[in-house]
Amino acid sequence: MAHGTAAVAKIDSPRSPYVRRRTTRGNYELYSWVFMRASGVVLLVLIFGHLFVNLMVGDGVHAIDFGFVAGKWANPMWQVWDLLMLWLAMIHGTNGVRTIINDYATRDMTRGILKGLLYLAFTVVVVLGTLVIFTFDPCPANSPAELLPSFCTA
Amino acid sequence: MTATLEADAPAPAGEIPSFTVTLRVRRFNPEVSEEATWEDFTVEAHGTDRVLDALHKIKWDMDGSLTFRRSCAHGVCGSDAVRINGRNRLACKTLLKDVNPDKPITVEPIKGLPVVKDLVVDMEPFFASYREIMPFLVTTGNEPSKERYQSPEDRARFDDTTKCILCAACTSSCPVFWTDGQYFGPAAIVNAHRFIFDSRDEGGSQRLEILNDKEGVWRCRTTFNCTEACPRGIEVTKAIQEVKRAMITRAF
(Lines give C-alpha, C1' and ligand atoms only; values in the text may rest on other atoms or scores of the structure.)
Protein backbone atom coordinates (compact mmCIF):
# COMPACT_ATOMS: atom_id res chain seq x y z
CA MET A 1 0.00 0.00 0.00
CA ALA A 2 1.30 3.43 -0.87
CA HIS A 3 1.69 6.18 1.66
CA GLY A 4 -1.61 7.92 1.98
CA THR A 5 -4.14 9.35 4.32
CA ALA A 6 -6.43 6.35 3.91
CA ALA A 7 -3.86 4.03 5.45
CA VAL A 8 -2.80 6.53 8.08
CA ALA A 9 -6.37 6.98 9.27
CA LYS A 10 -6.49 3.32 10.32
CA ILE A 11 -3.85 3.71 13.01
CA ASP A 12 -5.22 4.04 16.52
CA SER A 13 -3.98 6.97 18.47
CA PRO A 14 -0.97 5.65 20.36
CA ARG A 15 -2.21 7.36 23.50
CA SER A 16 -5.79 6.16 23.20
CA PRO A 17 -6.99 5.61 26.76
CA TYR A 18 -6.81 2.04 27.91
CA VAL A 19 -9.96 0.82 29.56
CA ARG A 20 -10.15 -2.09 31.95
CA ARG A 21 -13.64 -3.45 32.15
CA ARG A 22 -15.22 -2.62 35.48
CA THR A 23 -15.75 -5.87 37.31
CA THR A 24 -17.25 -6.65 40.65
CA ARG A 25 -14.74 -6.72 43.44
CA GLY A 26 -16.19 -9.77 45.15
CA ASN A 27 -14.31 -12.67 46.64
CA TYR A 28 -15.64 -15.04 43.98
CA GLU A 29 -12.32 -15.77 42.28
CA LEU A 30 -10.63 -16.17 45.67
CA TYR A 31 -13.12 -18.78 46.83
CA SER A 32 -13.04 -20.59 43.51
CA TRP A 33 -9.23 -20.71 43.72
CA VAL A 34 -9.33 -22.13 47.26
CA PHE A 35 -12.10 -24.54 46.28
CA MET A 36 -9.97 -25.94 43.44
CA ARG A 37 -7.18 -26.81 45.89
CA ALA A 38 -9.44 -28.20 48.60
CA SER A 39 -11.66 -30.23 46.27
CA GLY A 40 -8.56 -31.54 44.50
CA VAL A 41 -7.23 -33.04 47.72
CA VAL A 42 -10.63 -34.50 48.70
CA LEU A 43 -11.09 -35.92 45.18
CA LEU A 44 -7.74 -37.69 45.39
CA VAL A 45 -8.99 -39.62 48.43
CA LEU A 46 -12.47 -40.22 46.99
CA ILE A 47 -11.32 -41.36 43.55
CA PHE A 48 -8.52 -43.63 44.72
CA GLY A 49 -10.81 -45.04 47.42
CA HIS A 50 -13.41 -45.70 44.72
CA LEU A 51 -10.87 -47.34 42.41
CA PHE A 52 -9.43 -49.44 45.26
CA VAL A 53 -12.82 -50.77 46.37
CA ASN A 54 -14.04 -51.44 42.83
CA LEU A 55 -10.91 -52.84 41.24
CA MET A 56 -8.64 -54.26 43.95
CA VAL A 57 -10.64 -55.57 46.90
CA GLY A 58 -11.89 -59.18 46.76
CA ASP A 59 -12.38 -60.46 43.22
CA GLY A 60 -11.34 -57.06 41.96
CA VAL A 61 -12.56 -55.92 38.58
CA HIS A 62 -14.25 -59.29 37.88
CA ALA A 63 -16.73 -58.70 40.69
CA ILE A 64 -18.31 -55.71 38.96
CA ASP A 65 -21.80 -56.43 37.69
CA PHE A 66 -25.29 -55.08 38.30
CA GLY A 67 -25.46 -56.80 41.67
CA PHE A 68 -22.17 -55.25 42.82
CA VAL A 69 -23.20 -51.70 41.94
CA ALA A 70 -26.70 -52.17 43.31
CA GLY A 71 -25.26 -53.54 46.54
CA LYS A 72 -22.99 -50.52 46.91
CA TRP A 73 -25.80 -48.03 46.31
CA ALA A 74 -28.01 -49.73 48.86
CA ASN A 75 -25.44 -48.58 51.44
CA PRO A 76 -25.86 -44.93 52.57
CA MET A 77 -22.09 -44.60 52.99
CA TRP A 78 -21.48 -45.33 49.31
CA GLN A 79 -24.39 -43.13 48.30
CA VAL A 80 -22.79 -40.19 50.09
CA TRP A 81 -19.34 -41.14 48.75
CA ASP A 82 -20.50 -41.27 45.15
CA LEU A 83 -22.66 -38.17 45.48
CA LEU A 84 -19.73 -36.22 46.92
CA MET A 85 -17.46 -37.52 44.19
CA LEU A 86 -19.96 -36.58 41.49
CA TRP A 87 -20.54 -33.06 42.78
CA LEU A 88 -16.94 -32.25 43.60
CA ALA A 89 -15.62 -33.67 40.33
CA MET A 90 -18.24 -31.82 38.32
CA ILE A 91 -17.74 -28.47 40.07
CA HIS A 92 -13.95 -28.87 40.03
CA GLY A 93 -13.90 -29.82 36.36
CA THR A 94 -16.42 -27.19 35.30
CA ASN A 95 -14.53 -24.49 37.14
CA GLY A 96 -11.31 -25.65 35.49
CA VAL A 97 -12.84 -25.52 32.02
CA ARG A 98 -14.36 -22.13 32.88
CA THR A 99 -10.91 -20.71 33.58
CA ILE A 100 -9.58 -22.28 30.39
CA ILE A 101 -12.40 -20.63 28.40
CA ASN A 102 -11.63 -17.33 30.11
CA ASP A 103 -7.97 -17.70 29.17
CA TYR A 104 -8.40 -18.72 25.56
CA ALA A 105 -11.61 -17.14 24.25
CA THR A 106 -10.74 -13.71 22.93
CA ARG A 107 -14.22 -12.53 22.03
CA ASP A 108 -17.09 -12.07 24.47
CA MET A 109 -19.47 -13.86 22.11
CA THR A 110 -17.35 -17.02 21.92
CA ARG A 111 -16.79 -16.89 25.64
CA GLY A 112 -20.51 -16.61 26.34
CA ILE A 113 -21.50 -19.48 24.04
CA LEU A 114 -18.79 -21.82 25.34
CA LYS A 115 -19.64 -21.08 28.96
CA GLY A 116 -23.37 -21.56 28.24
CA LEU A 117 -22.66 -25.01 26.79
CA LEU A 118 -20.41 -25.81 29.72
CA TYR A 119 -22.99 -24.90 32.36
CA LEU A 120 -25.68 -26.80 30.45
CA ALA A 121 -23.52 -29.94 30.39
CA PHE A 122 -22.78 -29.45 34.10
CA THR A 123 -26.47 -29.18 35.00
CA VAL A 124 -27.47 -32.21 32.93
CA VAL A 125 -24.77 -34.46 34.40
CA VAL A 126 -25.21 -33.34 38.00
CA VAL A 127 -29.02 -33.55 37.97
CA LEU A 128 -29.04 -36.89 36.18
CA GLY A 129 -26.30 -38.34 38.40
CA THR A 130 -27.94 -37.18 41.62
CA LEU A 131 -31.29 -38.59 40.51
CA VAL A 132 -29.73 -41.94 39.70
CA ILE A 133 -27.96 -42.21 43.05
CA PHE A 134 -31.12 -41.47 45.05
CA THR A 135 -33.85 -43.14 42.97
CA PHE A 136 -31.85 -46.24 42.12
CA ASP A 137 -33.83 -49.45 42.58
CA PRO A 138 -31.44 -52.31 43.46
CA CYS A 139 -34.16 -54.96 43.09
CA PRO A 140 -36.13 -54.30 39.87
CA ALA A 141 -39.17 -56.56 39.64
CA ASN A 142 -39.18 -59.60 37.33
CA SER A 143 -35.42 -59.85 37.05
CA PRO A 144 -33.46 -63.10 37.26
CA ALA A 145 -32.31 -63.52 40.84
CA GLU A 146 -28.70 -64.42 39.97
CA LEU A 147 -28.14 -60.91 38.56
CA LEU A 148 -29.44 -59.12 41.65
CA PRO A 149 -27.65 -58.38 44.92
CA SER A 150 -28.03 -61.01 47.62
CA PHE A 151 -30.39 -58.98 49.81
CA CYS A 152 -33.17 -58.92 47.19
CA THR A 153 -36.04 -61.17 48.23
CA ALA A 154 -38.38 -60.76 45.31
CA MET B 1 35.69 1.32 13.91
CA THR B 2 35.20 -2.36 13.32
CA ALA B 3 37.98 -4.79 14.02
CA THR B 4 37.90 -7.73 11.67
CA LEU B 5 39.91 -10.90 11.41
CA GLU B 6 42.14 -10.79 8.34
CA ALA B 7 42.91 -14.10 6.73
CA ASP B 8 46.60 -13.35 6.19
CA ALA B 9 47.24 -11.32 9.30
CA PRO B 10 46.66 -13.32 12.49
CA ALA B 11 44.78 -11.45 15.14
CA PRO B 12 46.98 -9.77 17.73
CA ALA B 13 46.75 -11.27 21.18
CA GLY B 14 43.73 -10.09 23.11
CA GLU B 15 41.78 -8.96 20.08
CA ILE B 16 38.15 -9.90 20.20
CA PRO B 17 37.13 -12.23 17.38
CA SER B 18 34.36 -11.08 15.12
CA PHE B 19 31.78 -13.00 13.16
CA THR B 20 28.86 -12.33 10.87
CA VAL B 21 25.40 -12.76 12.25
CA THR B 22 21.96 -12.57 10.67
CA LEU B 23 19.20 -10.75 12.48
CA ARG B 24 15.68 -11.58 11.39
CA VAL B 25 13.72 -8.52 12.46
CA ARG B 26 9.94 -8.26 12.56
CA ARG B 27 9.17 -5.05 10.65
CA PHE B 28 5.86 -3.24 10.79
CA ASN B 29 4.99 0.13 9.36
CA PRO B 30 1.26 0.89 9.32
CA GLU B 31 1.81 3.70 6.80
CA VAL B 32 3.15 1.20 4.28
CA SER B 33 1.35 -2.03 5.03
CA GLU B 34 -0.92 -3.47 7.66
CA GLU B 35 1.03 -6.69 7.52
CA ALA B 36 4.16 -7.19 9.57
CA THR B 37 7.02 -8.83 7.68
CA TRP B 38 10.35 -10.44 8.52
CA GLU B 39 13.47 -8.77 7.21
CA ASP B 40 16.97 -10.24 7.38
CA PHE B 41 20.02 -8.12 8.10
CA THR B 42 23.52 -9.54 8.12
CA VAL B 43 25.99 -7.64 10.24
CA GLU B 44 29.57 -8.03 11.38
CA ALA B 45 29.71 -8.40 15.15
CA HIS B 46 32.23 -8.94 17.92
CA GLY B 47 32.06 -11.66 20.51
CA THR B 48 31.31 -8.99 23.09
CA ASP B 49 28.45 -7.43 21.13
CA ARG B 50 24.90 -7.47 22.36
CA VAL B 51 21.74 -7.72 20.28
CA LEU B 52 21.32 -3.98 20.83
CA ASP B 53 24.74 -3.34 19.21
CA ALA B 54 23.63 -5.30 16.16
CA LEU B 55 20.38 -3.32 16.01
CA HIS B 56 22.40 -0.10 16.26
CA LYS B 57 24.63 -1.25 13.43
CA ILE B 58 21.57 -1.90 11.28
CA LYS B 59 19.97 1.43 12.11
CA TRP B 60 23.13 3.50 11.76
CA ASP B 61 24.75 1.83 8.75
CA MET B 62 22.14 -0.13 6.82
CA ASP B 63 18.52 0.94 7.28
CA GLY B 64 17.79 4.09 9.22
CA SER B 65 14.08 3.37 9.20
CA LEU B 66 14.44 0.51 11.68
CA THR B 67 12.63 1.66 14.81
CA PHE B 68 13.23 0.48 18.36
CA ARG B 69 13.36 1.96 21.84
CA ARG B 70 16.49 2.21 23.91
CA SER B 71 17.68 4.73 26.38
CA CYS B 72 20.46 3.83 28.79
CA ALA B 73 21.54 0.74 26.83
CA HIS B 74 22.83 -0.85 30.03
CA GLY B 75 19.88 -2.78 31.40
CA VAL B 76 18.58 -0.17 33.83
CA CYS B 77 15.98 1.93 32.01
CA GLY B 78 13.91 -0.97 30.71
CA SER B 79 13.22 0.53 27.28
CA ASP B 80 14.45 -2.19 24.97
CA ALA B 81 12.57 -5.32 25.98
CA VAL B 82 12.10 -7.36 22.79
CA ARG B 83 11.41 -10.95 21.90
CA ILE B 84 14.71 -12.57 20.92
CA ASN B 85 14.50 -16.09 19.50
CA GLY B 86 11.02 -16.33 20.99
CA ARG B 87 12.01 -15.25 24.50
CA ASN B 88 11.55 -11.86 26.10
CA ARG B 89 14.91 -10.27 26.75
CA LEU B 90 16.48 -6.85 27.07
CA ALA B 91 18.35 -6.30 23.80
CA CYS B 92 21.06 -4.50 25.79
CA LYS B 93 21.66 -7.42 28.16
CA THR B 94 21.68 -10.24 25.63
CA LEU B 95 25.03 -11.12 24.08
CA LEU B 96 24.81 -12.29 20.48
CA LYS B 97 27.06 -15.24 21.27
CA ASP B 98 24.54 -16.43 23.87
CA VAL B 99 21.62 -16.70 21.44
CA ASN B 100 23.26 -18.97 18.86
CA PRO B 101 24.59 -16.61 16.16
CA ASP B 102 25.07 -19.57 13.76
CA LYS B 103 21.40 -19.35 12.87
CA PRO B 104 19.40 -16.20 12.13
CA ILE B 105 18.43 -14.51 15.40
CA THR B 106 14.78 -13.46 15.41
CA VAL B 107 13.95 -10.11 16.98
CA GLU B 108 10.28 -9.25 17.45
CA PRO B 109 8.32 -6.71 19.45
CA ILE B 110 7.03 -8.03 22.79
CA LYS B 111 3.65 -9.73 22.50
CA GLY B 112 0.26 -8.65 23.78
CA LEU B 113 0.75 -4.91 23.41
CA PRO B 114 -0.25 -3.01 20.25
CA VAL B 115 2.71 -2.51 17.92
CA VAL B 116 3.28 1.11 16.89
CA LYS B 117 6.16 0.54 14.51
CA ASP B 118 8.76 -2.21 14.09
CA LEU B 119 9.90 -3.07 17.63
CA VAL B 120 8.10 -0.21 19.36
CA VAL B 121 4.91 -1.13 21.20
CA ASP B 122 2.31 1.01 22.92
CA MET B 123 3.10 0.59 26.62
CA GLU B 124 -0.03 2.40 27.79
CA PRO B 125 -2.07 -0.70 28.77
CA PHE B 126 0.92 -1.87 30.78
CA PHE B 127 1.34 1.43 32.61
CA ALA B 128 -2.42 1.71 33.15
CA SER B 129 -2.32 -1.53 35.16
CA TYR B 130 0.71 -0.24 37.01
CA ARG B 131 -1.07 2.98 37.98
CA GLU B 132 -4.13 1.06 39.17
CA ILE B 133 -2.27 -0.71 41.97
CA MET B 134 -1.19 2.68 43.44
CA PRO B 135 2.60 2.38 43.22
CA PHE B 136 3.30 4.96 45.91
CA LEU B 137 3.60 5.05 49.71
CA VAL B 138 0.22 5.28 51.42
CA THR B 139 0.22 6.37 55.06
CA THR B 140 -2.17 7.81 57.61
CA GLY B 141 -1.70 10.22 60.47
CA ASN B 142 0.85 13.00 60.83
CA GLU B 143 4.08 13.07 58.94
CA PRO B 144 6.90 11.95 61.20
CA SER B 145 9.45 14.66 61.92
CA LYS B 146 12.25 12.23 61.10
CA GLU B 147 12.64 9.28 58.77
CA ARG B 148 10.13 6.43 58.74
CA TYR B 149 12.21 3.80 60.44
CA GLN B 150 12.47 0.35 58.89
CA SER B 151 14.63 -2.50 60.15
CA PRO B 152 16.90 -4.31 57.69
CA GLU B 153 14.74 -7.42 58.18
CA ASP B 154 11.58 -5.54 57.21
CA ARG B 155 13.38 -4.08 54.23
CA ALA B 156 14.54 -7.52 53.13
CA ARG B 157 10.94 -8.74 53.06
CA PHE B 158 10.22 -6.98 49.76
CA ASP B 159 13.76 -6.48 48.49
CA ASP B 160 13.30 -8.70 45.45
CA THR B 161 10.37 -6.74 44.05
CA THR B 162 12.11 -3.36 44.39
CA LYS B 163 14.33 -4.33 41.46
CA CYS B 164 11.61 -3.95 38.82
CA ILE B 165 12.50 -1.62 35.94
CA LEU B 166 9.05 -1.73 34.26
CA CYS B 167 10.38 -3.12 30.99
CA ALA B 168 7.20 -5.22 30.46
CA ALA B 169 9.21 -8.35 29.63
CA CYS B 170 7.24 -10.34 32.24
CA THR B 171 3.76 -9.04 31.45
CA SER B 172 4.22 -9.52 27.71
CA SER B 173 5.49 -13.08 28.25
CA CYS B 174 2.34 -14.07 30.11
CA PRO B 175 -0.07 -16.20 28.04
CA VAL B 176 -3.03 -14.98 30.11
CA PHE B 177 -2.15 -11.38 29.24
CA TRP B 178 -1.92 -12.23 25.53
CA THR B 179 -5.59 -13.23 25.35
CA ASP B 180 -7.34 -9.93 25.93
CA GLY B 181 -4.96 -7.71 27.86
CA GLN B 182 -7.45 -7.42 30.72
CA TYR B 183 -5.26 -9.27 33.23
CA PHE B 184 -3.28 -6.94 35.49
CA GLY B 185 -0.10 -8.74 34.55
CA PRO B 186 2.93 -9.83 36.57
CA ALA B 187 4.61 -6.41 36.62
CA ALA B 188 1.66 -4.67 38.28
CA ILE B 189 1.44 -7.43 40.89
CA VAL B 190 5.20 -7.29 41.54
CA ASN B 191 4.98 -3.54 42.15
CA ALA B 192 1.94 -4.02 44.38
CA HIS B 193 3.95 -6.64 46.30
CA ARG B 194 6.69 -4.08 46.80
CA PHE B 195 4.27 -1.89 48.81
CA ILE B 196 1.98 -4.55 50.33
CA PHE B 197 4.95 -6.06 52.19
CA ASP B 198 6.55 -2.71 53.04
CA SER B 199 6.27 -2.24 56.82
CA ARG B 200 5.95 1.55 56.39
CA ASP B 201 3.03 1.36 54.01
CA GLU B 202 -0.59 1.34 55.16
CA GLY B 203 -2.38 0.88 51.84
CA GLY B 204 -1.85 -2.89 51.74
CA SER B 205 -5.46 -3.94 52.12
CA GLN B 206 -6.53 -1.40 49.48
CA ARG B 207 -4.05 -2.91 47.03
CA LEU B 208 -5.10 -6.45 47.92
CA GLU B 209 -8.69 -5.41 47.26
CA ILE B 210 -7.71 -4.07 43.83
CA LEU B 211 -5.82 -7.25 42.94
CA ASN B 212 -8.65 -9.46 44.23
CA ASP B 213 -10.40 -8.45 41.01
CA LYS B 214 -11.58 -10.99 38.46
CA GLU B 215 -8.59 -9.90 36.36
CA GLY B 216 -6.22 -9.81 39.32
CA VAL B 217 -3.89 -12.40 40.83
CA TRP B 218 -6.40 -15.24 40.48
CA ARG B 219 -5.86 -15.30 36.73
CA CYS B 220 -2.25 -16.32 37.29
CA ARG B 221 -1.75 -19.90 36.10
CA THR B 222 1.76 -20.26 37.57
CA THR B 223 3.41 -20.94 34.21
CA PHE B 224 6.61 -19.20 35.38
CA ASN B 225 7.00 -17.42 32.01
CA CYS B 226 7.38 -14.13 33.88
CA THR B 227 10.08 -15.39 36.24
CA GLU B 228 11.93 -16.78 33.25
CA ALA B 229 11.60 -13.53 31.30
CA CYS B 230 12.60 -11.06 34.02
CA PRO B 231 15.93 -9.45 33.07
CA ARG B 232 16.42 -8.44 36.71
CA GLY B 233 16.05 -11.96 38.02
CA ILE B 234 13.01 -11.12 40.15
CA GLU B 235 11.15 -14.22 41.30
CA VAL B 236 7.93 -12.89 39.82
CA THR B 237 5.76 -15.97 40.19
CA LYS B 238 6.83 -16.29 43.83
CA ALA B 239 5.81 -12.68 44.46
CA ILE B 240 2.41 -13.34 42.89
CA GLN B 241 1.96 -16.40 45.10
CA GLU B 242 2.83 -14.33 48.17
CA VAL B 243 0.15 -11.82 47.25
CA LYS B 244 -2.35 -14.66 46.81
CA ARG B 245 -1.39 -16.03 50.22
CA ALA B 246 -1.84 -12.60 51.82
CA MET B 247 -5.33 -12.42 50.32
CA ILE B 248 -6.28 -15.85 51.61
CA THR B 249 -5.02 -15.13 55.14
CA ARG B 250 -6.99 -11.89 55.01
CA ALA B 251 -10.19 -13.62 53.86
CA PHE B 252 -10.17 -16.52 56.33
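**Entry 1: strand 5 of chain B.** I began with the pairing of strand 3 (residues 81-84) of chain B and strand 5 of chain B, which run antiparallel and are joined by two bridges. Here Arg83(B) stands opposite Glu108(B) of strand 5. A reminder to myself before going on: this is a predicted model.

I then turned to strand 1 (residues 18-27) of chain B, which pairs with strand 5 of chain B in the parallel sense, over three bridges. Val25(B) has Val107(B) as its bridge partner in strand 5.

Next I asked myself: are the faces of strand 5 (residues 105-108) of chain B covered or open? Both are covered, with Ile105(B) and Val107(B) buried on one side and Thr106(B) and Glu108(B) buried on the other.

**Entry 2: helix 8 of chain B.** I checked the length of this helix, residues 236-251: its 16 residues reach 23 Å from first C-alpha to last, close to the expected 22 Å. Its buried residues include Val236(B), Ile240(B), Val243(B) and Met247(B), and also the charged-type names Glu242(B) and Lys244(B).

What do the buried residues of helix 8 pack against? From chain A there is helix 2 (28-55). From chain B there are helix 3 (152-157), helix 5 (186-196), helix 6 (204-211) and helix 7 (225-229).

**Entry 3: the second largest pocket.** I noted a volume of about 260 Å³ for this pocket. Of its 19 lining residues, Asp103(A), Pro175(B), Val176(B), Arg221(B) and Thr223(B) lie nearest the centre. Two or more lining residues come from each of helix 4 (76-104) of chain A and helix 4 (175-180), helix 7 and helix 8 of chain B. Helix 4 of chain B gives the most, four residues. By class I have twelve nonpolar, five polar and two charged residues in the lining.

**Entry 4: cavities.** How many cavities of 30 Å³ or more are there? The count comes to two.

Terms used: Residues are numbered from 1 along each chain as its sequence is written. Chains are lettered from A and ligands numbered from 1 in the order in which they are written. This is a predicted model: local features need pLDDT of at least 70, side-chain atom pairs count only at pLDDT 80 or more; totals for chains, interfaces and linings use all residues. Side-chain values use heavy atoms; hydrogens and water are left out. The expected span of a helix is 1.5 Å times one less than its number of residues. Buried means under 20% relative accessible area, exposed over 50%, partly exposed in between (1.4 Å probe, protein chains only). Contact means heavy atoms within 4.5 Å. On a 1 Å grid over the protein atoms alone, a cavity is a set of points where a 1.4 Å probe fits but cannot get out, and a pocket is an open set with protein on both sides within 12 Å along at least five of seven lines; lining residues have an atom within 4 Å of a point. Grid points are joined across faces, edges and corners, and a volume is the space filled by probe spheres set on the points. Two strands pair if DSSP finds at least two bridges between them.
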